[in-house]
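Please keep the sequence and the structure in view while reading.

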Amino acid sequence: GTNIAESTGDGGQAYYASLIYPVAIWNDEIHGYLYIAEQLGCRIRRVNKLTTIVTTFAGTGQCLTSIDDDQTHFATSTSLNQPSGVWGDSSGNTIYVSELASHRIRVIDVSTNIIKTIVGTGIAGYSNDENNNNNNKIQLNSPTYLFVNPIDNNDNNNNDNNISLIFADSGNHIIRSISNINNDNNDNGNVLIQTIAGTPQESGN
């Protein structure tokens, strides 16, 4: 970084690149990358730790809520609205992103660059834990920090098809988990969301 608040430098050395409000990182020890959630740059940047070259992994730099439908969307051409958390599975082949201002949790396939929504409608709100019949209708409010549950992510078969994500549903004042995430067939209609800590309440109460 250069201590200048702008999102520039793709294709060059990370030391000379500029970032806007980086808030989270994930270290991919398998493939040798460092992922950076650049919240106000509205991108996920990726640094090759061997060459120190930085590139944009996801986001266009426009802070917009992107269309979420059944069509195929690539992460590098899909806008992100203030990504505030980034984490990967144990294989480094799947990256999860919390989108603060679009109130969603996204997943990106590293090999194809295809992005999809795991949970969230794009509109801030609260859905209780019993509302798990359709993940597209589960509302979140400003999700921030997230990580892959290391217990579920450390089996002998290195199987990340049914991992568990823990994240802060910050605007709802709770910590939640998402399980039954299937990364093989793009079908996350049966994800299970549960509250781990906190009681949802209106801000200020």
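R45 is buried, at a relative accessible area of 1%; the word buried means under 20% relative accessible area, whereas exposed means over 50% and partly exposed lies in between, with a 1.4 Å probe and protein chains only. The model is predicted, so local features need pLDDT of at least 70 and side-chain atom pairs count only at pLDDT 80 or more, while totals for chains, interfaces and linings use all residues. Residues are numbered from 1 along each chain as its sequence is written, and side-chain values use heavy atoms, with hydrogens and water left out.

Which residue forms a salt bridge with R45? The partner is E38, and the closest N and O atoms of the pair are 2.9 Å apart. A salt bridge is defined as a side-chain nitrogen of Lys or Arg within 4 Å of a carboxyl oxygen of Asp or Glu. E38 is also buried, with a relative accessible area of 0%.

The structure holds five salt bridges. One of them joins R176 to D169, with 3.0 Å between the closest N and O atoms. R176 has a relative accessible area of 0% and is therefore buried; D169 counts as buried because its relative accessibility is 0%.
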